[in-house]
Amino acid sequence: MKILFNLTSSQLNLQTMSDLYDTVVADLNLGRAMPVNFKEEDKKNLKYMYEFYNSLLFGGNFARVLATPSLRMIKEKLTDVQKGSNKLKASFVFGHHSNVLPLLSVLDLTSPECITQKWKMEPITSLNCVSPPPYAANLIL
Amino acid sequence: LAAPKFNPNEVEFYSTSKLRTQNSALSFIYGFYPLGEGWTIPPEVPSDKLVPPYTPLFPSYLSKSMTDSPFALNKGFQPLPVRPLDDILDNCPDYDNLLAKRLQEVSKTI
């Protein structure tokens, strides 16, 4: 990967590789050429680093802090509908992966551990293991 | 799910202030409420009330569809409100510190 993308030693970290995956996906979608020796396996590995890093970063107590306002908003809306004071059929909320990932984490829909199991093609021990949100992902509650 | 004509008591939209999420919201809305479903002008409204109450600077820009169409806006377009999300989501005053702390935790874990 270091030679393929001409990376320096200081760039060999999960954050950079995660950003690199973003760029690779964008370039592939735009039909741009990949490095000559870039293989499907390299893409799979980059994807794993992106998913692992993001599910780890937006996990733990940090995810709880980030997800609390969204969950509070959802709870208030659902409570109002239950009381009959809100007749809304749908609320559409548009945000970033940094808004969706903490929700996936606190709802126990994903984790760095299960992402690793998936990458290693081992049996997944958790009930749910969704990937961090790709482009145009949606979460329906 | 929802009526073809937007009803604010039925559906609502929120977005963060970033341009790309606003673009996502607007793109979704244009698909959810396509052209041709917008508000129409009541037939009793006199046609002279459909043009600006002054001499337009560029009269050629007043297209025929703007005065002859039954719709209030061109092609039945529905301009819908997208509510700001930032006040609701960005209420953690310690976000930057927490992010730095989490990055440190993550570095130790890896």
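Analyst: Asn6(A) lies in the segment before α1 (14-29) of chain A, where helices are DSSP runs of H or I with at least four residues, strands are runs of E with at least two, and both are numbered from the N terminus. In this predicted model, Asn6(A) has a positive phi of about 55° although it is not a glycine. Most residues other than glycine have a negative phi. Asn6(A) counts as exposed at 68% relative accessibility, given that exposed means over 50% relative accessible area, buried under 20%, and partly exposed in between, with a 1.4 Å probe and protein chains only. Met121(A), in the segment after α5 of chain A, also has a positive phi, near 60°, without being a glycine, and Met121(A) is exposed at 67% relative accessibility.

Residues are numbered from 1 along each chain as its sequence is written, while chains are lettered from A and ligands numbered from 1 in the order in which they are written. For this predicted model, local features need pLDDT of at least 70, side-chain atom pairs count only at pLDDT 80 or more, and totals for chains, interfaces and linings use all residues, with side-chain values based on heavy atoms and with hydrogens and water left out.

The strand pairing itself is an open sheet of three strands in the order β1(A)-β1(B)-β2(B), with parallel pairing. Its edge strands, each of which pairs on one side only, are β1 (90-94) of chain A and β2 (83-84) of chain B. Two strands are said to pair if DSSP finds at least two bridges between them. Strands of a sheet pair through backbone hydrogen bonds, either parallel or antiparallel. Here β1(A) and β1(B) run parallel over five bridges, with Ala90(A) standing opposite Val11(B) and Val93(A) having Tyr14(B) as its bridge partner.

How well covered is β1(B), and on which faces? Five of its five residues are buried. In a regular strand the side chains alternate between the two faces of the sheet. In β1(B), the residues on one side are Val11(B), Phe13(B) and Ser15(B), those on the other are Glu12(B) and Tyr14(B), and all of them are buried.

One of these residues also links the chains through its charge: Glu12(B) forms a salt bridge with Lys77(A), the closest N and O atoms being 2.7 Å apart, where a salt bridge is a side-chain nitrogen of Lys or Arg within 4 Å of a carboxyl oxygen of Asp or Glu. In total, two salt bridges are found across the interface of chain B and chain A. The elements that give two or more residues to the side of chain B that touches chain A are β1, α1 (19-32), α3 (86-89) and α4 (95-109) of chain B, and α4(B) gives the most, with seven residues. By class this side of chain B has 18 nonpolar, seven polar and five charged residues; Ala, Val, Leu, Ile, Met, Phe, Trp, Tyr, Cys and Pro count as nonpolar, Asp, Glu, Lys and Arg as charged, and the others, Gly among them, as polar. Chain B brings 30 residues to the contact and chain A brings 26 residues, contact meaning heavy atoms within 4.5 Å. The area buried between the chains is about 2,500 Å², of which carbon and sulfur atoms give 71%; buried area is the accessible area (1.4 Å probe) that two parts lose on being put together, summed over both.

Elsewhere, Gly59(A) sits in the loop between α2 (40-57) and α3 (60-83) of chain A and is buried, with a relative accessible area of 4%. Not counting residues up to four places away in sequence, Gly59(A) touches Ser105(A) and Arg102(B). Gly59(A) and Leu103(A) are 44 residues apart in sequence and 9.3 Å apart in space, C-alpha to C-alpha.
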